[in-house]
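I set out to record the fold of this chain in a few entries.

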Amino acid sequence: MDKDEFYRDILEGMALYTRSALQRDVLTTLARHDEPALAQALNKNQIASKMWLADALADAVGSDLGNVLILGGWFGVLGAVLLHDPRFAIKRVVSLDIDPRCADIALAVNATHVRDGKFTALTADMLEYAYGDDANSLAAADLVVNTSCEHVQDLDRWYQRIPAGQLLALQSNDYFACNEHVNCVPDLAAFRAQVPMREVLYAGERKFRRYVRFMLIGRK
C-alpha cells in the first residue's frame, strides 16, 4: 500500500465514523484535483483561524448570517467551515478569488452545499468586482468576510468600496517574512487603523508559532 492510499484509508474510515459530509467532500476533492496547495488550506493553522472566526461570529453576531460573501476565498474551506457549523443559519455563501485554480476546487470541497444551492464560487478580483450589479454582489451580502487582508496591496482602495453600515469580518497578521504578504500589520491597533469601523463587535488576536493573527468583526 502506498502512502497516499494509506492516508486515504484512514480519512475514509474517520469520515465513516464521524458521518462527516465535509470529510467526504474533501476526500473526493483530493481524488479529483492534483493541487498540493490544498494541504496548506487545510493545515492546522488555517483551520484554527477559521474556527476562531466561526466562534467569534457566533458570539458577536449570532446564528443568522444570511447571505455571506467571502473575498479571497481560496479553495472554499472557510465557506465549508461556516456551512457545516450547526450554530449558523446561512442562506448562501459566495466564495470569490482572483486565482482561476480556486473555483473548481472550492466547488468540490463544498459539494454538499453546491447541491443544495447554498454555495457558489467565482473567479474575480475583489478590487475590480462590480459590487451591486448582480445577485452575488456586495449589495446582496449580509456579511462580507476577508481573512486575507495581508495579501491585498491596495487595501485602502478596496475598503473604500465597502458601503457604510456593511457587516464585516476581517483578518490580517504580522507575518512579514512571507513574500506573499504585502500588507501585514504589526499589531491589532494598526489593523484597526487600516479598516476603521463605526461599530466594533469583536477585536482580538491569536498567537501562532510564527505569527500573530488579528481579527475584527463590526460595521463600517
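**Entry 1: the chain as a whole**

I looked up contacts in the chain (heavy atoms within 4.5 Å): among those between residues at least 6 apart in sequence, 69% join residues at least 24 apart. The model is predicted, with local features requiring pLDDT of at least 70 and side-chain atom pairs pLDDT 80 or more, whereas totals for chains, interfaces and linings use all residues. Residues are numbered from 1 along each chain as its sequence is written, and side-chain values use heavy atoms, with hydrogens and water left out.

I find 9 helices and 7 strands in the chain; these are DSSP runs numbered from the N terminus, helices being H or I of at least four residues and strands E of at least two. The radius of gyration, taken over C-alpha atoms, is compared with a globule rule of 2.2 Å times the number of residues to the power 0.38. The chain gives 17 Å, close to the 17 Å of the rule for 220 residues, so it is as compact as a globular protein of that length. I note that 49% of the 220 residues count as buried, that is, under 20% relative accessible area with a 1.4 Å probe, protein chains only.

**Entry 2: the sheet**

I traced an open sheet of 7 strands, ordered S3-S2-S1-S4-S5-S7-S6, with mixed pairing. Strands S3 and S6 (199–207) are its edges, each pairing on one side only. Two strands count as paired if DSSP finds at least two bridges between them. Strand S1 (residues 64–71) and S2 pair in the parallel sense over 7 bridges. I also noted that Arg92 in S2 is the bridge partner of Asn67.

**Entry 3: the cores**

I searched for nonpolar cores, sets of buried Ala, Val, Leu, Ile, Met, Phe, Trp, Tyr and Cys residues joined through side-chain atoms within 4.5 Å. The largest has 34 residues, and Leu57 and Val68 are among those with the most contacts inside it. Helix H5 supplies the largest share of this core, 6 residues. Apart from it lies another core of 26 residues, including Leu127 and Met197.

**Entry 4: helix H6**

The buried residues include Cys102, Ile105 and Val109. Their cover includes helix H2 (21–32), helix H5 (77–83) and strand S2 (89–97).

Terms used:
Buried < 20%, exposed > 50% of the residue type's maximum accessible area, 1.4 Å probe, protein only.
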